[in-house]
Every structure is written in C-alpha cells, then in structure tokens.
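I opened the model to look up its sheet. These are my notes, in the order I made them.

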Amino acid sequence: MNTAVLASAPGLHFYRLTGAVLLLFALAVLLLVLLGRRVARRGTLWAPEFGARCRETALYGLAASFGTYGAGLLFGFMQFGDDAKVCSVTRYGLTGQGHVLPTATFFPLSNSCYWPDGFVREFVPVYINPVLTFFLTTAVLAGAVGLAMWLPERRGRARDEDGNVAAGAASTGASVNSRG
C-alpha cells in the first residue's frame, strides 16, 4: 500500500484532526475536573495562600489554552475534502477553477489559501492565536510565580521534618525537638 496516498487522503486527515481536537478538549475537561474537586474539598474558589492561587491559575490557563487550541483546530482545519478543492470553492464557487497554494502551520495556527493574484483566505478565526498566546502566557507566568513561592515552603517543611528548628520556633527560642 502506498503510504503517500494514504497520508494525503482527506478522510485520514479528518480523523487525525478529530482525534487531536477530542484529546485537547479531554485534557482541558480533565484539568478542570481535577481543579473542581480541589475547590469542592476546600469550599472556596481560591486557595488561601498566594502561591497556591498562582499554581491553580496556571492550571486554569493551561486548560483554557488546550480548549482554545482545540477550537482553533476545529474551526480552521476541519474541512470536508481536499484543501485545494475547499480553497477553490471558497473563492470561485462550486464551478470555479483556480490555482491555489494551501499552507498550514500548527503553531501559530494557520490554514491559508494563496492565489496568484494575491488573494488570501484564512480558515482559522483571527482571535484564536492572540487568545491562545494570552492563556499560555498566563499559565507560564502564574506557574513560575507559584513555583518560586512553593520551593522555599517545601525546603522549610523538609528542614522541619528532619528535626531542625522551625523558622517560627527559632524566633521565640523554643525548640521543635522535645528532648530539650
């Protein structure tokens, strides 16, 4: 079987993209369910400490970016048929003929048709890439701040568990160990 023909078949292209979109939406829903369970256990939307709020905001941003990327794939790449045929129908109608050059990139999301006369048709909605950039930036920045606040807390807890003097106990002169 010729793999070049199989890889360019419109049906296979459609099924691969459908799988990718469903996977991205499933990841977004999974993250939101996990965060929702934590919120339900805690009883409030936001964590009591700033570092935990930043880490949760990073997860919300990641879930939103998965959903936005999935929506961009859905709206921009889910066409029924060959790209060149879809581009010709978009420009010239059902009976139109024309030489087109379809191009697609996955980051940033773009699925465009270029005609020799300079006309360009973009299938990915114009708002997808800026929204995706916003959510990814939010996730990265909030995650970095949350991680920066979590590391000293973790190091302090590790020292406390080893039997050393805790930070609060050191200032009052009390000892963590009961040995004296």
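The entries below cover the sheet, its strand pairs and the helix over it.

I worked on a predicted model, where local features need pLDDT of at least 70, side-chain atom pairs count only at pLDDT 80 or more, and totals for chains, interfaces and linings use all residues. Residues are numbered from 1 along each chain as its sequence is written, and side-chain values use heavy atoms, with hydrogens and water left out.

Entry 1, the sheet. I took helices (H or I, at least four residues) and strands (E, at least two) as DSSP runs, numbered from the N terminus. I counted two strands as paired if DSSP finds at least two bridges between them. I found an open sheet of three strands in the order β1-β2-β3, paired antiparallel. β1 (101-106) and β3 (120-122) are at the edges with a single partner strand each, so one side of each has no neighbour in the sheet. From one strand to the next, the twist averages 20°; angles run from 0 to 180 degrees between N-to-C directions, with axes fitted to C-alpha atoms, for helices over the stretch in contact.

Entry 2, β1 with β2. I noted six bridges between β1 and β2 (residues 109-114), in the antiparallel sense. T105 has S110 in β2 as its bridge partner. The hairpin joining β1 to β2 passes through two residues.

Entry 3, β2 with β3. This antiparallel pair has three bridges, and Y114 stands opposite V120 in β3. Their hairpin has five residues between the strands, and G118 there takes a positive phi near 100°.

I asked which helix lies across β1 and β2. Helix α3 (residues 50-77) does, running at about 15° to β2; contact means heavy atoms within 4.5 Å. Five of the six residues of β2 are buried, meaning under 20% relative accessible area (1.4 Å probe, protein chains only).

Note on methods. Buried < 20%, exposed > 50% of the residue type's maximum accessible area, 1.4 Å probe, protein only.
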